[in-house]
Amino acid sequence: MNNFIKSVLDRKIFNGFNLVLASLFFSIMTICVKKIDERIPIFELVFFRSVFSLFITSLIIKKRNIKPWGNDPLLLSLRGFLGTIALICIFFSIRNLPLGISTVIQYTYPIFISLFAGLFINEKITKNTIIAVIMGWLGILIILSPGQLLDLKIVLEDLSVLIAFSGAICTALAYITVKKLSLTEDIFIIIKYFPLISIVTLFPAVILNWVTPNIVELIWITGIGLFTQLGQTFLTIGLKNLKASEASTINYLQVIFGSMWGVLFFSEIININFVIGSSFVLFGTIISTSKILKNT
């Protein structure tokens, strides 16, 4: 019995450590995005990131001898399109909002998933879902209240906030399509269609508005692809055996990392209201994610 308990604890520590690494790498990716000069269009950043991801995923698919195009190309393409829109919105919000605030807004996506699961895949909207929505939005209102922003000497553009929420909504919708696809498709095929659709849809915009990166920008762009791929790898490993509440709590470290990087690298300020608001979003996320994964 003692050996069994030790084995379970060791597995939890292993998966928890992987999720900590995933959050760290994703947060470093946001530094790379924010460090790149605004002269490089967002479309181009997403395009480069997608080329990197498609190359790595295609190698894995070839090595595993997986059917390359999947069983439902239409739904796979929709997942890729939603992921592309989400990533454009996320990169835009990282560039145009304080890092801590953009990360907190992105982490409202599990709350949207709870709502969309009830609308699109007939999952029951429970009392916990309603509580999660209320807590999440209360946290966002605390963070984005005029008094709070004035205290932090922050001026936000409504368009940037709207685009940040659009990124969270598209992330949630992409999750719903992934949930459906996971019943019939290999996980690497689902991953592959994301960068594939990004490259196909963004190629005309990238060519028409091409800006050649300098050496420093190219290093940061490479960092986006590298740290995103590392983050997704450790996230996949870490989510395997942990409970939803444990996993979502650890994943929320990205908000802490993001806030920390904002202070260290971009002279951003956080206060007690930001911490309180983030905590409300955190608890709403835990409640909604627990409900989602319980039914997965």
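This is a predicted model: local features need pLDDT of at least 70, side-chain atom pairs count only at pLDDT 80 or more; totals for chains, interfaces and linings use all residues.
Visitor: How do you know what the closest cysteine sulfur is when you start from Cys89?

Guide: Starting from Cys89, the closest cysteine sulfur is in Cys170, at 5.5 Å, again too far for a bond. A search of the whole structure gives 0 disulfides.

Visitor: Are Cys89 and Cys170 called buried or exposed, and why?

Guide: Buried means under 20% relative accessible area. Cys89 has 10%, so Cys89 is buried. Cys170 has 13%, so Cys170 is buried.

Visitor: Why is the pair of Glu217 and Arg39 called a salt bridge?

Guide: The rule asks for a side-chain nitrogen of Lys or Arg within 4 Å of a carboxyl oxygen of Asp or Glu. For Glu217 and Arg39 the closest N and O atoms are 2.7 Å apart, so the pair meets the cut-off of 4 Å. The pair links distant parts of the chain: Glu217 is in helix 10 (residues 215-238), Arg39 is in the loop between helix 1 (2-35) and helix 2 (42-64), and 178 residues separate them. As background, side chains of opposite charge can pair when their charged atoms come close. By this rule the count is 1 salt bridge.

Visitor: How do you know whether Val133 is buried or exposed?

Guide: Val133 has 17% relative accessibility, and the cut-off is under 20%, so Val133 counts as buried. Val133 sits in helix 6 (residues 127-144).

Visitor: What makes helix 4 mostly covered?

Guide: In helix 4 (residues 99-106), 8 of its 8 residues are buried. The buried residues include Leu99, Ile101, Val104 and Ile105, and also Gly100, Ser102, Thr103 and Gln106. For the chain of 296 residues, the buried share is 50%.

Visitor: How do you know how the span of helix 12 compares with the expected span?

Guide: Helix 12 (residues 253-266) has 14 residues and reaches 19 Å from its first C-alpha to its last, close to the 20 Å expected at 1.5 Å a residue. Its buried residues are Gln254, Val255, Phe257, Gly258, Ser259, Trp261 and Gly262. After helix 12 comes Ser267, with a positive phi near 55 degrees.

Visitor: What is known about how helix 2 and helix 9 pack?

Guide: Helix 2 and helix 9 (residues 187-208) pack at an angle of about 145 degrees, and their axes are 8 Å apart. By class, the contact has 18 nonpolar, 4 polar and 4 charged residues. The crossing of helix 2 past helix 9 is left-handed.

Visitor: How many helices and strands are in the chain?

Guide: The chain has 13 helices and 0 strands. Along the sequence, the pattern is α-α-α-α-α-α-α-α-α-α-α-α-α.

Definitions and conventions:
Residues are numbered from 1 along each chain as its sequence is written. Side-chain values use heavy atoms; hydrogens and water are left out. Helices (H or I, at least four residues) and strands (E, at least two) are DSSP runs, numbered from the N terminus. The expected span of a helix is 1.5 Å times one less than its number of residues. Buried means under 20% relative accessible area, exposed over 50%, partly exposed in between (1.4 Å probe, protein chains only). A disulfide is a pair of cysteine sulfur atoms within 2.5 Å. Axes are lines fitted to C-alpha atoms, for helices over the stretch in contact, and angles run from 0 to 180 degrees between N-to-C directions. A crossing is left-handed if the near helix is turned anticlockwise from the far one by less than a right angle, and right-handed if clockwise. Ala, Val, Leu, Ile, Met, Phe, Trp, Tyr, Cys and Pro count as nonpolar, Asp, Glu, Lys and Arg as charged, and the others, Gly among them, as polar.
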